[in-house]
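Colleague: I am new to this structure. Please take one part and walk me through it closely.

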Amino acid sequence: MAAKKLPQLREAEGIRYQVVRSRVKNLNLRVRPDGTVAVSIPLRTTWEAADAFVAERADWIRGAQQRQQRRRAWDQRPLPDPQTALAHFIALSDQVYPAFAAVLGGQKPTIKVRDMTSRWGVCAMSKRQITFALQLYNMPEAAQIYVVVHEYCHFLQPNHSPAFWAEVAKLLPDWKARRELLK
């Protein structure tokens, strides 16, 4: 059994990164949540090729690091108690609801809040219920409205088809920029 290769620290275009040779077919790049950069390369790829790979993607890497830094800043803010968050999301929902009142037969969906780590919101159409992640409370309000609209649009389209995104765009033409705030 071969010993695991230890990562090597390198730098390209002012970007410090860890590179490790492994049994991969392609060069793979990852910006970790702490902003560090990791690259895995095929066994026969040269260090210089790894440097060139990172250098070609330097602008993207810096952007990803800035997004991670903003995300860490938001994540470090204390979360409210669930009742405060629920009241907040009900108020946001009340702003969006009129656009969906007809399709919902004049009946507002139940709004819930819970601690979720992999989703910002969930729409349970059959229960007429939308659940928001407690962590969404700490995101910019533009991003919060995007999630509320996104979940309401599932009452019109149950999937993420082009028709779904067209519905989102009707209410939020800038939905892509808002979604970026969540990344």
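Colleague: Which residue in S7 does Lys-112 stand opposite? Please describe the sheet around that pair.

Modeller: Lys-112 stands opposite Thr-131 in S7. First, the ground rules. This is a predicted model, where local features need pLDDT of at least 70, side-chain atom pairs count only at pLDDT 80 or more, and totals for chains, interfaces and linings use all residues. Residues are numbered from 1 along each chain as its sequence is written, and side-chain values use heavy atoms, with hydrogens and water left out.

Now the pairing. S5 and strand S7 (residues 129-133) run parallel and share five bridges. Strands are DSSP runs (E, at least two residues), as helices are (H or I, at least four), numbered from the N terminus. Two strands count as paired if DSSP finds at least two bridges between them.

Step back to the sheet. Three strands make an open sheet in the order S5-S7-S6, and the pairing is mixed. From one strand to the next, the twist averages 20 degrees. In a regular strand, side chains alternate between the two faces of the sheet.

Helix H3 (residues 82-96) lies across S5 and S7, at about 140 degrees to S5. Helix H4 (residues 141-153) lies across S6 and S7, at about 150 degrees to S7. Angles run from 0 to 180 degrees between N-to-C directions, with axes fitted to C-alpha atoms, for helices over the stretch in contact. Contact means heavy atoms within 4.5 Å.
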